Amino acid sequence: MPTAAAAPVKTTCPYCGVGCGVAATPDGQGGALIAGDTSHPANHGKLCVKGASLGETLSLEGRLLHPMIHGQRASWNQAAGFVANGLRRVIDRHGPDAVAFYLSGQLLTEDYYVANKFAKGFLGVRHVDTNSRLCMASSVAGHRRAFGSDTVPNTYEDLDEADLIVLVGSNAAWCHPVLFQRMQAARERRGTKIVNIDPRRTATSEGADLQLSIRPGMDSVLFSWLLSEIAARGAVDEAFVANHTEGLAEALERARAIAPDIVTAATKTGLSQEDIAAFVDLFIDRQRVVTCYSQGVNQSAQGTEKVGAILNCHLATGRIGRPGCGPLSLTGQPNAMGGREVGGLANMLAAHMNYTPAEIDRVRRFWNAPRMAEAEGLKAVQMFEAIERGEIKALWVMHTNPAVTLPRADAMRAALRKLDLFVVSEAVTRTDTTAAGAHVLLPAAAWGEKDGIVTNSERRISRQRAFLAMPGEARPDWEHVQLVAQRMGFGEAFAYPDAASIFREHAALSAFENEGARSFDIGAMAGLDAVAYDTLQPVHWPWRAGEAPRPRLFAEGGFTTPGGRARLVAIAEPELAEAVSDEYPLLLNTGRMRDQWHSMTRTGKARTLARHAAEPTLSLHPEDASRLGIAAGGYARIASRHGEATLRAVTDEGTPRGAAFAPFHWNDATSGLARVDAMTQPHTDRFSGQPELKATPVRVTPIAMACEGLMLSRRPIEMPSWLAHSRLTVPGGEAVLFASPHAPQKVHALLLNLLGSEHRRAALSDPAAEAFRLAVFEEDRLSMALFTARERSAAMFDWLIDAFGRDSLDTAEQRAVLAGRPPAGGADLGPLICACFGVRRGVITEAIRAGAADVEAVGAAVKAGSNCGSCRPEIRRVINDERHKPAHTAAA
Ligand code: SF4
């Protein structure tokens with residue numbers, strides 16, 4: 001392991017699919033200094049605030065450090081034996097179809113490869129799927145249908161060289177921040193235009209030249225009209241179409257049926273004819289076009305059709321695989337692409353091979369496999385529904401939290417209790433999944449502790465390198481599988497000494513009997529020795545033996561369809577899986593917040609990241625909120641046919657009328673009553689199996705909260721499950737924000753009971769004001785606080801959290817704590833915008849009113865936006881808001 005004096009270790013960020021290079025310098029005490037890797041071509045040294053805060057997430061607090069069987073510590077020997085016996089028992093009694101593996105885009109390629117090989121080649125288990133099914137499966141299906149393989153044609157460099165970047169269903173400013181800044185740099189440097197197609201106005205809209213707030217689900221209508229206009233205006237690349245594609249006539253005929261004229265296109269999309277015309281003009285006139293798309297396209301019951309509609313336009317114009325041209329699916333997870341490469345999706349076998357008899361035989365021979373899966377398995381949603389029906393009896397979950405993220409998450413969580421064998425490989429002890437009755441917990445190495453490979457959204461393979469020792473008995477996930485495989489008599493096939501040996505085998509399989517038939521071929525890396533693996537530089541696939549890597553593909557054809565031609569697709573008329581009704585009149589859209597990641601098991605530890613959004617909120621258009629009787633800052637109950645949640649409401653002009661938006665990050669391990677995917681519907685895309693997570697009909701009703709409060713403590717405190725609350729990491733411990741429909745006195749008394757009787761004596765109350773306070777000091781340090789009142793005072797709570805993080809408070813400050821009033825001058829400065837420097841909206845507004853006219857000037861005045869840049873779109877929005885305020889308001 002590196003020592004404190006060691007040079008930075010070059011690795012990659014574990015969050016989004018941008019795949020930024022990170023330079024981590026261990027401090028010798030279990031932590032590390034984090035910086036962007038200036039040599040990594042994905043980010044050139046930049047990191048967003050999530051990546052930059054990775055150093056705050058390395059503590060061992062909450063880590064799973066030892067194997068557990070039925071909640072009791074066990075040895076690895078016992079745990080591996082328990083899993084092996086359980087798998088053998090289920091397979092003997094019910095056959096391999098009663099077993100499933102649920103993998104993750106957080107796994108490294110080597111982990112994925114070993115799990116896939118074990119399940120499909122040695123157990124005969126075909127139900128192997130991954131959380132990537134919820135993320136980008138529609139892009140995979142769209143690529144395979146059009147190109148013959150799941151191959152992203154372009155690279156990030158094309159964003160630097162594009163004349164037009166079209167973002168579809170992608171809040172890139174928050175979800176792929178470093179790439180979004182790259183797009184903004186191109187806009188400033190070369191005048192690249194940016195069009196943002198999204199029902200919501202988001203932070204991304206602030207950096208766009210044209211915002212198209214399209215009706216949910218209607219993206220294909222817009223691209224159908226675009227395809228018609230491409231043909232009508234003679235913008236078809238006739239040579240490319242003639243030489244390298246098929247299906248244009250049929251695709252065009254269907255496009256014309258879906259959008260016969262601009263009036264129909266406008267009616268269906270909800271866009272103005274002028275905006276549609278402006279978009280079409282930009283697409284046709286600007287030669288270099290990159291279309292980036294992510295969850296707004298993928299997480300749809302017609303996601304594959306949406307992808308097809310986008311690809312049709314690029315194929316018809318030949319804008320693919322050339323500098324500055326091409327469709328670019330922005331992957332959500334750090335190694336979703338790696339999972340696709342190894343065959344971690346239920347409808348792929350291995351190394352981009354399918355379930356044809358010839359391919360099954362090829363993989364069988366390569367693995368020398370005794371029991372091959374012979375057919376496609378169930379995709380994620382159907383897999384968990386089979387668990388619900390009792391058909392699947394054994395499940396091994398690796399590095400993911402399906403009890404939070406699957407649609408109908410409460411029902412899926414309950415279904416896990418039916419399993420005869422439920423194994424979870426995890427880095428943390430408590431998640432909603434581990435708490436759902438897991439029989440065996442296997443401690444996994446976390447980011448910074450394990451070695452392997454990841455592939456980002458542009459097909460770039462990079463090394464993730466260890467820079468910390470593995471704690472306790474944690475092991476890489478591939479070793480979990482290896483130990484079980486050995487117990488089942490497959491030791492020889494899984495005798496890997498290290499990650500490098502697994503990667504060599506994976507690379508060799510990609511080239512095995514390939515001869516150009518499969519675009520995924522990294523045979524050039526099949527002979528990497530330990531040193532070459534260790535020092536591997538980021539590189540694009542394909543990288544065939546004896547050839548150079550190929551960053552761009554398809555400009556000269558070379559598609560892997562049977563005829564070698566790309567297929568333009570006649571897409572279906574778009575419609576949502578489920579329409580709104582009188583009972584459920586709003587459409588719920590779910591997504592990410594800027595500074596959180598997935599179910600918060602890592603980002604939830606970072607103090608810096610907790611500040612941007614301290615609690616989950618429901619965004620509503622102000623008119624809808626008013627109509628529903630919900631005040632901004634009040635609380636709402638959201639209910640669908642499948643479940644419900646209680647969230648604080650915020651009003652947002654960017655949320656369309658008739659819609660609502662809620663983040664999916666919060667769960668029972670981090671909050672109460674905030675499991676948003678409990679409500680989402682299970683309808684899936686018929687090609688990709690991806691669920692429609694962005695359009696669930698819901699009913700929203702106001703809830704009158706009688707009190708709100710804050711608890712600060714040095715250690716986590718179990719909260720009652722009926723209490724709406726959210727936990728956040730703060731300097732020195734944890735804060736819990738809560739709200740209840742019960743009177744403050746009652747709630748305060750209940751929480752005091754939870755804390756123990758000695759605290760009751762220290763509590764102060766002001767019954768007339770219905771304010772109740774507990775503040776415990778150890779010498780001059782505030783060690784615990786519990787404040788309950790009719791309404792939460794943001795200024796007081798900010799000050800209190802700050803006071804809690806300090807080693808000592810003077811007498812005046814201690815009095816201020818006890819009095820429940822911040823010292824003079826404490827004012828509510830509004831939401832936090834810049835997490836790096838802790839700058840709130842009020843401070844930025846003051847700077848703008850004092851003359852800061854652009855983002856740079858705001859940065860120079862108050863530092864906001866001058867570090868990682870993640871908040872720059874929000875600063876731009878504040879500047880725009882100030883500009884558009886009536887003069888008397890702005891001057892006030
Ligand atoms: Fe990590 Fe941010 Fe880069 Fe994504 S954009 S890889 S979250 S640093």
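Colleague: I'm new to this one. Is A351 buried or exposed?

Modeller: A351 is buried, at a relative accessible area of 1% (buried means under 20%, exposed over 50%, partly exposed in between, with a 1.4 Å probe and protein chains only). This is a predicted model, where local features need pLDDT of at least 70 and side-chain atom pairs 80 or more, while totals for chains, interfaces and linings use all residues. Residues are numbered from 1 along each chain as its sequence is written, and side-chain values use heavy atoms, leaving out hydrogens and water.

Colleague: Where does A351 sit, and what is its phi?

Modeller: Look in the loop between α15 (336-342) and α16 (357-367); helices (H or I, at least four residues) and strands (E, at least two) are DSSP runs, numbered from the N terminus. A351 isn't a glycine, yet its phi is positive, about 50 degrees. E513, not a glycine either, also has a positive phi of about 50 degrees. That residue lies in the loop between α21 (499-511) and α22 (530-534) and is partly exposed at 34%.

Colleague: How do I read the sides of a helix, say α10?

Modeller: An α-helix has 3.6 residues a turn, so residues three or four places apart point the same way. In α10 (residues 248-258), the buried residues are L248, A251, L252, A255 and I258. They span an arc of only 120 degrees around the axis, so they share one side of α10 (the arc uses directions from the helix axis to the C-beta atoms). Exposed A249, E253 and A257 are on the face turned away from that buried side.

Colleague: Which peptide bond is cis?

Modeller: The one joining W541 and P542, with omega about 0 degrees. You'll find P542 in the loop between β19 (539-540) and β20 (566-567).
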